Amino acid sequence: MTDLIIRGARVVDPLNKLNAFRDVAVEDGKIKSVAEEICEPSCEEISAAGKVLIPGIIDMHTHMRTVLGHKHAQRMIAKAGVCTTLDMAGPLEDILSTVSETGAGVNIAVLEAAREGFTLSSSRPSVSEQEDFLDKTLEQGGIGIKLLGGHFPMDLDISESFIDIANQKKAWVAWHVGSTKHGSNIEGLREAVAAAGMDRFLHVAHVNSYCRGQVLNERDEALEAIELLKAHPNIFSESYLSPLNGTRFVIRDNVSVSKVTTTCLLKLGYSNDYEGVKKAILDGAAGVLADTGVIGVLLSGREGVQYWEARNTECVGSFSVNPAVSRFLLATAKRADGSFVVDSFSTDGGCYPRNVIVENGLLLVKFGALSLTEYAVKASLNGARALGLPNKGHLSVGADADISILDIEAEKAFATVVNGRVSMLNGNLVGSGTTFICDERGAGTLKRRGLSYVVKAPLSLDQIENRYIS
């Protein structure tokens, strides 16, 4: 018997030029067939009439950590229709050691954060320390590193050195742009793009967050970001669709430890100190991330202040600071050849409650800004290609059975199927376990730990620049 048949959905598969009503059969974790009607017995069936079925959503920027977050991020992204995600900061060991109790069936690739006092001895680590840090990350099962320039800036030459070393080792390197010279804004984006040059890979994180009107107006910043990315095809980028950002609310010596929080406070008219953060939370301008024991929620008002103060400010949370105009422009911009300028959707979510690739992405489809095929390209195919996962992002026979079923009218995920197993159905979580994405250097460690894993292809500029052309 076939393991699973999904019946009657409108199947949208950009790689195979398919946009039609079909049945989809799954066996042994793979796509068995896609046909107008599949007449064979199955162990499980899902009726998807009136729904849209696309290759499994890949969220190219989340936070799955429990340090300063919570351990329920897998549940939250599975409920949001996500099959695969790139965690952008780790801690890697924290994630690896908690999967037995937090798994919801999804696939996770992890970047370890380069941060003084945690993974680095100083903000100016030597070349040998940078190399050791990257080697250790890869050997333990991560796929690369994240530079936290927006929150914890380093000198530009150190960030450039990390980019060089990562490219030499064919490892992923992402940058929340910002340095000791320029902030997490359009000036920092210019700096990061110049640092990567034309021949080195760099993942620029959440491009929309550098287009908040801090230097120019929001529209002009977004248009400049688009032109910068057009001129540098070696750069992979993503942007998210939520108005909410993510940052740390920790106060030390009566100032915020995060430069991002400082920027948000000043942008919204609050002082950069304990009282400023407290008032922002009290006013509802900021929300504190709280662990309910099941998911993460944002608390504001008096309840949010009490939660923040009870933890001595050791909390993370969100401000509503992402302008609609820059989110829209970056989500829809294309190059002359028809490929997207910003490669993928993301959420910067995971443990943060802003996992809205389905909700806000389908609004773009309803508005007419994107077709369903284009939506699937940004939600799945481009991320799979960039990560070096040739069996994901499409529904070819033999491909991994990662499937997202969407209720387009309700703008919600209806079902999430990962590696052939139902993880979420109609809002109910039924999945467990985790499959890690690593490169060949981390496979041995994950195997010894008894963790499920898949080995990605080595990083190359060819796969980054091999963008889908609609």
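## Basis

Helices here are DSSP runs of H or I with at least four residues, strands are E runs of at least two, and both are numbered from the N terminus. The model is predicted.

## The largest pocket

Within the largest pocket, α3 makes the biggest contribution to the lining, with four residues. This helix covers residues 127-140. Other elements that each supply at least two lining residues include α2 (92-102) and the strands β6 (57-63), β7 (82-89), β8 (107-114) and β13 (247-248).

The volume of the largest pocket is about 640 Å³. Its lining is made up of 34 residues, and those nearest the centre are Ala 89, Pro 91, Ala 113, Arg 115 and Leu 148. Sorted by class, the lining has 13 nonpolar, 11 polar and 10 charged residues.

## Two residues of that lining

Pro 91, one of the residues nearest the centre of the largest pocket, sits in the loop between β7 and α2. Its peptide bond with Gly 90 is cis, with omega at about 0°.

Arg 115 is also one of the residues nearest the pocket centre. The charged end of Arg 115 is placed over the ring of Phe 152, at 4.1 Å from the ring centre. A second contact of this kind involves Lys 378, whose charged end sits over the ring of Phe 340 at 5.0 Å from the centre.

## The second largest pocket

The second largest pocket has a volume of about 400 Å³. It is lined by 25 residues, with Gly 105, Asn 419, Thr 434, Thr 435 and Ser 452 closest to the centre. Three strands, β23 (421-425), β25 (435-438) and β26 (452-455), each supply at least two residues of this lining. The lining divides by class into nine nonpolar, 12 polar and four charged residues.

## Enclosed cavities

The model has three cavities of 30 Å³ or more. The largest cavity has a volume of about 90 Å³. Of the 13 residues lining the largest cavity, His 176, Ser 184, Ser 209, Arg 212 and Val 260 are the closest to its centre. Nine of the lining residues are polar, two are nonpolar and two are charged.

The second largest cavity holds about 70 Å³ of space. Among the residues that line it are Met 64, Lys 71, Ile 95, Val 99 and Ile 108. Helix α2 gives the largest share of this lining, four residues, and α1 (73-79) also supplies at least two. By class, the lining of the second largest cavity has five nonpolar residues, four polar and one charged.

## Nonpolar cores

The largest nonpolar core contains 57 residues, and Phe 162, Trp 172, Leu 189 and Leu 202 have the most contacts inside it. Helix α5, residues 186-196, provides six residues, the largest share of this core. A separate second core has 47 residues, including Ile 357, Met 424, Cys 438 and Tyr 468.

## Aromatic pairs

A pair of aromatic rings is described by the distance of the centres and the angle of the planes. There are seven aromatic pairs in the structure. In the pair of Trp 172 and Phe 201, the ring centres are 4.7 Å apart and the planes meet at 65°; planes over 60 degrees apart count as edge-to-face, so this pair is edge-to-face. The pair links distant parts of the chain, 29 residues apart, with Trp 172 in strand β10 (residues 172-175) and Phe 201 in the loop between α5 and β11. Both Trp 172 and Phe 201 are buried. Ring pairs join these two residues and Phe 236 into a cluster.

Phe 345 and Tyr 375 make a tilted pair, 5.7 Å from centre to centre with 45° between the planes. Phe 345 belongs to strand β19 and Tyr 375 to helix α12 (residues 372-387), so the pair ties together parts 30 residues apart in sequence. Phe 345 has a relative accessible area of 0% and is buried; Tyr 375, also at 0% relative accessibility, counts as buried.

## Positive phi angles

His 206 is not a glycine, yet has a positive phi of about 25°. It lies in the loop between β11 (202-204) and α6 (218-230). Buried means under 20% relative accessible area, so His 206, at 2%, counts as buried.

Asp 348, likewise not a glycine, has a positive phi of about 55°. Asp 348 is in the loop between β19 (344-346) and β20 (349-350). With a relative accessible area of 5%, Asp 348 is buried.

How values were computed: Residues numbered from 1 in each chain as written. Predicted model: local features only at pLDDT ≥ 70, side-chain atom pairs only at ≥ 80, totals over all residues. Heavy atoms only, no water. 1 Å grid on protein atoms, 1.4 Å probe; cavity = no way out; pocket = protein on both sides within 12 Å on 5 of 7 lines; lining within 4 Å. Points joined across faces, edges and corners; volume = space filled by probe spheres on them. Nonpolar A, V, L, I, M, F, W, Y, C, P; charged D, E, K, R; others polar. Buried < 20%, exposed > 50% of the residue type's maximum accessible area, 1.4 Å probe, protein only. Core = buried A, V, L, I, M, F, W, Y, C linked by side-chain atoms within 4.5 Å. Phe/Tyr/Trp six-rings, centres within 6.5 Å; stacked < 30°, edge-to-face > 60°. Lys NZ or Arg CZ within 6 Å of the ring centre and 35° of its normal.
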